[in-house]
Structures are given as structure tokens and as C-alpha cells.
Amino acid sequence: MIAQFITHPMRERMEKKKGKENLSEVLFFKKSGDYETQHLSEDGLLSLLKVHNLPSRDLKLLLRCSAPGRVQHPAILPRPSSKCVIFLIEHIKMICFTDQCIILTPDDKVTNKFVDALKNHFDITNYDDGRMNLDSMKLLQQISMTEQDFEHIVLEKAMENVVEKFAKHLQIMKPALNLLLQQIEENAETNGLKKLLAVKKSLAQFQQNVDNVMKAINALLEDDEYMNKMKLRAEEKGDIELILDSFSADMDEIDTEIKIFTDMIEDTDQFVSAHLDSVRNEIMKMSLFIEVGALIMGFGAVVGGIFGMNLRNYVEEDAHAFLIVCLVTAVLMLLIAAGFTKKYYQLKQDTSNAQSFNLLKNFFTYVDDLEYHLFSKSVNKAEFRDALEKITKLKVSEKESDYLFSMVDANNDGVIDAENELNLDIGRTEYTYKHHVKNGALV
């Protein structure tokens, strides 16, 4: 009996505690600026949402979003039959009606900032002490109340809060990223690349979150039917499309900032990789010199070994044999060393591949400038090479010129038809050229 008497209250407290933990906090924000908070169970929340005639699919979605944390799949869902818009982006999860909005998980720290901003906005607009016009912010908020409907103000505040959250993330990240990149550039090692990879992964995840929000906004803006459904009143004040366009522009700026960060990381990554490649090449060069030195010394060792064998060959009886063998061996070793050195510097100075690369790059970059350097409809190899050197600003070899000429000469007749094969308006250029030439010189 005593045990039952003790355990029964404990069981009740545990059940109450468990029930309290399963309750979801919901904030009701009225058009008047008044608000109240309720703690509802899952069944209570479901009953509340059913009153507004929301589809079962929306009910399931909202129940999943009633847990704390950010939304994995952002969405803005207009529901004109229920006279509401379901807004599920990042940390803000709410149902916005024409006269009130229901905000889920308002006790979440990030969501609470949005709730405070909403409270402050409506507190200021409802407050009038004759000095409101002195404060530009108060004046702007007062104007917004007269020019916008309640649901537009709430949606705009929610979007501003999302943009502010993303922008703050970048502001916090930027100094730390700049410091890390500076440290890596000063001490370019593999360990730095590992740190950079971690930051890169984090930035990629953040960019994915931004991209998901942008997709939700763009999908809404591109669908005229959905945009019409966003209008919950027969006659509305303001334009919801302008609000969404502004939000989309702000998100584009965030996306651009992320791409700048990504480019900075890529540049540093390439710098470190190039540095490590350079160090690796220097080590390989040292290894090559050591191996060639060993080859040269090995040749001398072989000759010395042959003549050092304890076998009679009658050469040892010659008075000059030792000197001759030493000199011949030294000369051959020097020839091997000279041959290696010559080949090494030939490979080092061979920039023909780089030249061809720059030639092709400049040719395809400035190919439209050929129109101003070719003055006849039929272009031969010499004229083409001359024009090629002018537009690429490089000294073009005959082999390279012939290669590019064959690329352009589609019918392989040895002459390029400038109008048909290069699609150039040579008639106009030829006329201009003739009227600007006097006494054999351009004027």
C-alpha cells in the first residue's frame, strides 16, 4: 500500500511532464497587434488547423513542421479557399490569414527574433503621441500599414527576417574565412587544404539552403496561377508580386556573395595546389640530378671494375694505359653529363605547347575582329596569317597558321571564302577600306 501510495503521484508527475514535453507552442498574432501564446498537443493543433478547412496534405506538412528547427524543404503555398498563405522557409513556419497569423514554434530562438520584429512593427504603428513623424522609421512603418494589407506586412517581415539571417551568416563567416585563407597562403601545406575543404563543405551546405529558398520563390513568381492565388482579397492594397521580387533580388545578392566566397576558396585551393606541385617538381628535379649523377658515376665504376679485375690482360704492362683509360672514362662521363644538360634545358625552354594554347585562346576570343583585318572575299594563307598575328598579337609560325587555316577552310581548296566560311560581311569592310586608303596608306 505504501509503495502504491508513493509511486502513484510519481507516475502522475511523470505523465504530466511527458504530456508537457509533447505540447507545441503556437502564437496567434492578430491584425490589431494583440497576440497570445497557447500550448497545444498534436491533436489540439490538428483540430485547430481543421477549422480553417486546410487540405489533409497541408495538415500533415504543418504537423511535421511543428517541431523546432529549420524547414528542410522551403515552400510558400497560397490557399485562397482557406483565405491564407502557408509560409515555410528556414526557421519561420506560419499560416498567414487576412486578420491573423498562426506562428509555429515561436519559442525557437531564431523564430523569436521574427516574432519580436513583428510585435515592434505593430506596436509602433498603433502608437501615436504626435511625435511619430520625427522618426523616419516610424513614418515608414505607418505608411506601410496604410498602403499594405495585414498579410502582406507579415509576409514581408518574414522574408526580411530570412534575408537578415542569411546575411548575418555571411557577415560572421567572412572575417574567419579571410583569416584562414591568409594563413593558408602564408603557409601553403596539405593540412591547410584539409581545413579549406571543411569550410568549402560548410559553404556548399549553406548555398544549398539558399538555392532551395530561391527555387521556392522563383517557382512562385514564374507561375501566374499561383501568383493570382496569393491575392486573398477581392481588392487588396499593395502588390504581393513586388514584395516577392524584392525578396528574390535580396536572395540573389546573398547567392552572389556565396559565389564570391566560393571563388576565393577555389583561388586559394589552386594556389596551394600549384605551390605543392612546384615543390614536388623541385624534389623530382633533385631526384633526377641524383639519378643522372649516379648513372655517370656508375659508368666510371663499371670501367674501373673491369680494369680492376685480377685477370691478366697485358694492358697493365703499358706505361700509358692507366692515364689513357682515366682520360677516356672522364671524357665519356662528361659527354653523358653534357648530353643530359642539353636535353634538360631543351625541355625546359620548349614553350611551343604554351604558344599554341595562347594562340588558340586568343583566336577564338577575338575571332570576330577578323572582319576588320581581312579586306577581300578570298583569303589566302599569307593574308590569313597576317590577320591572325594582328588579332592575337602573337608571332604565329607557319605550322600554326596552316593548322588554323585548315580548321577554317571547310572545302580544303586552299582559299578561305570570307563570307561563306567565316560569315564575315566583307563587302561593307572592303568598301570602308577603299575609302580610307589614299596613296597606298591608311588615312
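**Helix packing and burial**

Analyst: In this predicted model, helix 2 and helix 3 are oblique to each other.

User: Why are helix 2 and helix 3 called oblique to each other?

Analyst: The axes of helix 2 (residues 42–50) and helix 3 (residues 56–64) cross at roughly 140° and come within 11 Å. Roughly antiparallel requires an angle over 145 degrees, and roughly perpendicular covers 65 to 115. The pair is therefore classed as oblique, and the crossing is right-handed.

User: Which residues make the contact, and what are their classes?

Analyst: Helix 2 contributes Glu42, Leu45, Leu46, Leu49 and Lys50, while helix 3 contributes Leu59, Leu62 and Leu63. By class, six residues are nonpolar, two are charged and none is polar.

User: What makes histidine 152 count as buried?

Analyst: Buried means under 20% relative accessible area. Histidine 152 has a relative accessibility of 1%, and therefore counts as buried. This residue belongs to helix 6. Leaving out residues up to four places away in sequence, histidine 152 touches Glu236, Lys237, Gly238, Ile240 and Ile243.

User: Which members of the largest nonpolar core touch the most other members?

Analyst: They are Ile76, Phe87, Met94, Phe114, Leu244 and Phe247, out of 54 residues. Helix 6 supplies the largest share of this core, with 15 residues. Beyond its neighbours within four places in sequence, leucine 244 is in contact with Ile76, Met159, Ile217, Leu220, Leu221 and Met227. Another core, of 19 residues, lies apart from the largest one and includes Leu40, Val71, Ala75 and Ile95.

Technical notes
Residues numbered from 1 in each chain as written. Predicted model: local features only at pLDDT ≥ 70, side-chain atom pairs only at ≥ 80, totals over all residues. Heavy atoms only, no water. Core = buried A, V, L, I, M, F, W, Y, C linked by side-chain atoms within 4.5 Å. Buried < 20%, exposed > 50% of the residue type's maximum accessible area, 1.4 Å probe, protein only. Helix = DSSP H or I, 4+ residues; strand = E, 2+ residues; numbered from the N terminus. Contact = heavy atoms within 4.5 Å. Axes fitted to C-alpha atoms, helices over the stretch in contact; angles between N-to-C directions. Parallel < 35°, antiparallel > 145°, perpendicular 65-115°, else oblique. Left-handed = near helix turned anticlockwise from the far one by under 90°. Nonpolar A, V, L, I, M, F, W, Y, C, P; charged D, E, K, R; others polar.
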